[in-house]
Amino acid sequence: MPREQGEKVVATNRRARHEYAIEKTYEAGLVLTGTEVKSLRQGRANLSDGYAYINGGEAFLDAVNIPEYSQGHWTNHSAKRVRKLLLHKEEIVKLSHAISAGGYTLVPLKLYFLDGRAKVEIAVAKGKREFEKRQTIREREDKREAERAMRTRNRTGE
């Protein structure tokens, strides 16, 4: 029986949604040491530079910063070490085919605890070009402006 129930988000990668077009997402477990789990429970992690890759039929998460545990000692972990991802074999095969197709990468979107177990949400993503980023921002602002106009129109009773 897990100690915790539900989902507790530790870190999100907001920059990834801006810089990449997200195709498909997967949930993966993480192989962590004890001090990494304690540091995550304190809410300390940074996904902004992180990426995932497939090597030898296994998935790995690299460049994700989980700072050292503040009350740890000689058993502390290194902050940016490579961590193994726990995925089903079929999922790893799908991911490797998607990456080998070209132009796609694996990006971590969210790091969280689900029923007491550390999970990471990774996405198959394609990099956006500069004009696509501007277009996304423009669409978001247009949608916001339309909602604002509808709100004011509904208040006046027209």
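Of the 158 residues in this protein, 31% count as buried, where buried means under 20% relative accessible area, exposed over 50% and partly exposed in between (1.4 Å probe, protein chains only). This is a predicted model, in which local features need pLDDT of at least 70 and side-chain atom pairs count only at pLDDT 80 or more, while totals for chains, interfaces and linings use all residues. Residues are numbered from 1 along each chain as its sequence is written, and side-chain values use heavy atoms, with hydrogens and water left out.

**Overall build**

- The protein has four helices and seven strands; helices (H or I, at least four residues) and strands (E, at least two) are DSSP runs, numbered from the N terminus.
- In sequence order, these elements give the pattern β-α-β-α-β-β-β-α-β-β-α.
- The radius of gyration is 19 Å, well over the 15 Å that the globule rule gives for 158 residues, so the protein is more spread out than a compact globule. This radius is taken over C-alpha atoms, and the rule is 2.2 Å times the number of residues to the power 0.38.
- Along its principal axes, the C-alpha trace spans about 65 × 40 × 30 Å.
- Among contacts with a separation of 6 or more, 70% are between residues 24 or more positions apart; contact means heavy atoms within 4.5 Å.

**Two domains**

- The domain assignment gives domain 1 (7-127) and domain 2 (129-157); such bounds come from an automatic or database domain assignment.
- Taken over C-alpha atoms, the centres of domain 1 and domain 2 are 33 Å apart.

**Lys128**

- Lys128 sits in the loop between β7 (117-127) and α4 (130-156).
- Lys128 is buried yet has no salt bridge, and the nearest side chain of opposite charge, Glu132, is 7.0 Å away. A salt bridge here is a side-chain nitrogen of Lys or Arg within 4 Å of a carboxyl oxygen of Asp or Glu. For charge, Lys and Arg count as positive and Asp and Glu as negative; His and the chain ends are not counted.
- Not counting residues up to four places away in sequence, Lys128 touches Arg17, His18, Glu19, Tyr20, Ala21, Lys133 and Thr136.

**Leu32**

- Leu32 is found in the loop between β2 (20-30) and α2 (34-41).
- Leu32 counts as buried because its relative accessibility is 18%.
- Beyond its neighbours within four places in sequence, Leu32 contacts Val37, Leu40, Ile66, Arg81, Arg83 and Ala118.
- Leu32 and Arg83 are 51 residues apart in sequence and 7.1 Å apart in space, C-alpha to C-alpha.
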